[in-house]
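User: I would like to go through the labels attached to this model and see what each of them rests on. Please set each value against its cut-off before drawing the conclusion.

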Amino acid sequence: MSPHVLILGGTAEARALAAALCARPGVRVTTSLAGRVAKPGALDGEVRVGGFGGVPGLAGWLREEGVDALVDATHPFAESITANAARAAAETGVPAVVLRRPGWRPGPRDQWHSVPSLEAAADLLPRLGRRVLLTTGRLGLASFAHHSHLHFVVRSVDPPEPPMPTDTHVLLARGPFTVPGETALLREHRVDVLVTKDSGGAATAAKLTAARDLGLPVVVVRRPPLPDGVTAVPDVAGVLERLGLG
């Protein structure tokens, strides 16, 4: 019987993994998307959209669909999904792998302020500047809504969800971005400080280089820790090796 791999997706790494697995004869691949992005990119293999209903729902799906391996390739900040996946895999005995791109690391000229949460980022802003480029996604803007005296440029793939700061300019855009483009954006909007999550990867890293070149401070929200006993591999090759398909 063909092995069945379930990928919890939504990232470029998940898309690359689905393509790599589908290129191997006899492997059945299903990618599950949470449905938070309106127009996800094309994917190899089968695709399902929507949540599972927590740990019980995911565990039931693993059993019913005869899943042989589970790969959590969700965004590094999808904390609840990762926790549920770890618990469902342990409950069903399905081998599980977490695929996480490496986080960003500051260089000598970077002015980074590392914080544990969006709330901590918001608390820090008044000391760093008045015009803020916020690239933390469309959710969680309520953490900044009380800053009525700051101007926010909010960039996300899909329209952000309220509540939002009263003085907000929304930019809808999808990476990858370039250093010249990010530099022009920061200058056009006269940005004083950049706020981002440590998503890692090259697609959205250009803003960090642009901020460094312009001498701007960057507030970086650290990744949530993985569940106890769970370790991650950094790339598709590592997943394939763990699955015995390398």
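User: Why does Leu99 count as buried?

Analyst: The model is a predicted one, and the label rests on a computed accessibility. Leu99 has a relative accessibility of 3%, and buried means under 20%, so Leu99 counts as buried. Leu99 lies in strand β5, residues 96-99, and, not counting residues up to four places away in sequence, Leu99 touches Glu13, Leu17, Val71, Asp72, Ala73, Thr74, Val233, Pro234, Asp235, Val236 and Val239. One of these contacts, Thr74, is 25 residues from Leu99 in sequence, with 7.8 Å between the two C-alpha atoms.

User: What makes Leu245 partly exposed?

Analyst: Leu245 has a relative accessibility of 24%, and partly exposed covers what lies between the limit for buried, under 20%, and the limit for exposed, over 50%, so Leu245 counts as partly exposed. Leu245 is found in the segment after α7 (236-242), where, leaving aside neighbours within four places in sequence, Leu245 is in contact with Leu21, Arg24 and Leu240. Arg212 is 33 residues away from Leu245 in sequence and 40 Å away in space, C-alpha to C-alpha.

User: How do you know that the buried residues of α5 line one face of the helix?

Analyst: The buried residues of helix α5 (residues 179-188) are Glu182, Thr183, Leu185 and Leu186. Seen down the axis of α5, these buried residues fall within an arc of 160 degrees, and therefore they line one face of the helix. An α-helix has 3.6 residues a turn, so residues three or four places apart point the same way. The face of α5 turned away from the buried side carries the exposed residues Pro180, Arg187 and Glu188, while the buried residues of α5 pack against β7 (131-135), β8 (151-156), β9 (168-172) and α6 (206-214).

User: Why are α5 and α6 described as oblique to each other?

Analyst: α5 and α6 pack at an angle of about 55 degrees, with their axes 8 Å apart. Roughly parallel is kept for angles under 35 degrees and roughly perpendicular for 65 to 115, and α5 and α6 are therefore oblique to each other. Their crossing is right-handed. In the contact, Val179, Glu182, Thr183, Leu186 and Arg187 of α5 meet Ala206, Lys207, Thr209, Ala210, Ala211, Asp213 and Leu214 of α6, and these residues divide into 6 nonpolar, 2 polar and 4 charged.

User: Which residues of α6 are buried, and what covers them?

Analyst: Ala206, Lys207, Leu208, Ala210 and Ala211 are the buried residues of α6. Their cover includes β6 (111-115), β7, β8, α5, β10 and β11 (217-221). Gly215, which follows α6, has a positive phi near 70 degrees.

User: What makes Thr196 buried?

Analyst: Thr196 is at 0% relative accessibility, and buried means under 20%, so Thr196 counts as buried. Thr196 has its place in strand β10 (residues 193-197), and the residues in contact with Thr196, leaving aside neighbours within four places in sequence, include Trp104, Thr135, Lys207, Leu208 and Val219.

User: Why is Arg190 called exposed?

Analyst: The relative accessible area of Arg190 is 54%, and exposed means over 50%, so Arg190 is exposed. Arg190 lies in the loop between α5 and β10, and has a positive phi of about 50 degrees although it is not a glycine.

Methods:
Residues are numbered from 1 along each chain as its sequence is written. This is a predicted model: local features need pLDDT of at least 70, side-chain atom pairs count only at pLDDT 80 or more; totals for chains, interfaces and linings use all residues. Side-chain values use heavy atoms; hydrogens and water are left out. Buried means under 20% relative accessible area, exposed over 50%, partly exposed in between (1.4 Å probe, protein chains only). Helices (H or I, at least four residues) and strands (E, at least two) are DSSP runs, numbered from the N terminus. The arc is that of the directions from the helix axis to the C-beta atoms. Contact means heavy atoms within 4.5 Å. Axes are lines fitted to C-alpha atoms, for helices over the stretch in contact, and angles run from 0 to 180 degrees between N-to-C directions. Angles under 35 degrees count as roughly parallel, over 145 as roughly antiparallel, 65 to 115 as roughly perpendicular and the rest as oblique. A crossing is left-handed if the near helix is turned anticlockwise from the far one by less than a right angle, and right-handed if clockwise. Ala, Val, Leu, Ile, Met, Phe, Trp, Tyr, Cys and Pro count as nonpolar, Asp, Glu, Lys and Arg as charged, and the others, Gly among them, as polar.
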